[in-house]
Amino acid sequence: MGLSSNVMYTMGFASIGASIASWVLSRNIEPAGLDRADRWGIFVGQWAPTFFALGCAMRMEEQWGRPRPQEAMEREREREREAAPMGGSPLGG
């Protein structure tokens, strides 16, 4: 999708800021009071751990993810070379 782990980390920090902003705005603008402001802040604040977890998962995928096709072919050839019998009689004797 074109997203990197850095984008997810940025979104995590942005959601922390959005949580604070939504709490302040709800507290000052809405007549519902502090309880509603707290709920808005908590709701938006719960996004941050999700974005940070996705960022960690994407960072691991970026570092140790699937190898490129050329690297995969080279690893397969290496495994075949290691598995091939070396020397000795073809009859096992």
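Ser-5 is buried, with a relative accessible area of 1%, where buried means under 20% relative accessible area, exposed over 50% and partly exposed in between, computed with a 1.4 Å probe on protein chains only. The model is a predicted one, in which local features need pLDDT of at least 70 and side-chain atom pairs count only at pLDDT 80 or more, whereas totals for chains, interfaces and linings use all residues. Residues are numbered from 1 along each chain as its sequence is written, and side-chain values use heavy atoms, with hydrogens and water left out.

Ser-5 lies in helix H1, helices being DSSP runs of H or I with at least four residues and strands runs of E with at least two, numbered from the N terminus. Once neighbours within four places in sequence are set aside, Ser-5 is in contact with Gly-55, Met-58, Arg-59 and Glu-62, contact meaning heavy atoms within 4.5 Å.

Two packed helices are described by the angle between their axes and the distance between the axes. The axes of H1 and helix H3 (residues 47-64) come within 8 Å and cross at roughly 170°; axes here are lines fitted to C-alpha atoms, for helices over the stretch in contact, with angles from 0 to 180 degrees between N-to-C directions. That makes H1 roughly antiparallel to H3, given that angles over 145 degrees count as roughly antiparallel, under 35 as roughly parallel, 65 to 115 as roughly perpendicular and the rest as oblique. The residues of this contact divide into 12 nonpolar, 5 polar and 2 charged, with Ala, Val, Leu, Ile, Met, Phe, Trp, Tyr, Cys and Pro counted as nonpolar, Asp, Glu, Lys and Arg as charged, and the others, Gly among them, as polar.

The structure also holds 4 aromatic pairs. One of them joins Phe-13 and Phe-52 in an edge-to-face arrangement, 5.1 Å centre to centre with 75° between the planes; rings of Phe, Tyr and Trp (its six-membered ring) pair if their centres lie within 6.5 Å, and planes under 30 degrees apart count as stacked, over 60 as edge-to-face and the rest as tilted. Phe-13 lies in helix H1 and Phe-52 in helix H3, so the pair ties together parts that are 39 residues apart in sequence. Phe-13 is exposed, with a relative accessible area of 56%, while Phe-52 is partly exposed at 22%, and Tyr-9, Phe-13 and Phe-52 form one aromatic cluster.

Further along H1 (residues 5-29) comes Trp-23, which is partly exposed, with a relative accessible area of 28%. Apart from neighbours within four places in sequence, Trp-23 is in contact with Leu-34, Ala-37, Asp-38 and Gly-41, and the C-alpha atoms of Trp-23 and Gly-41, 18 residues apart along the chain, are separated by 4.6 Å. Ser-26, also placed in helix H1, counts as buried at 5% relative accessibility and touches Arg-36, Ala-37 and Trp-40, residues up to four places away in sequence not being counted.

Taken as a whole, the protein chain has 4 helices and 0 strands, and buried residues make up 14% of its 93 residues. Among contacts with a separation of 6 or more, 65% are between residues 24 or more positions apart.
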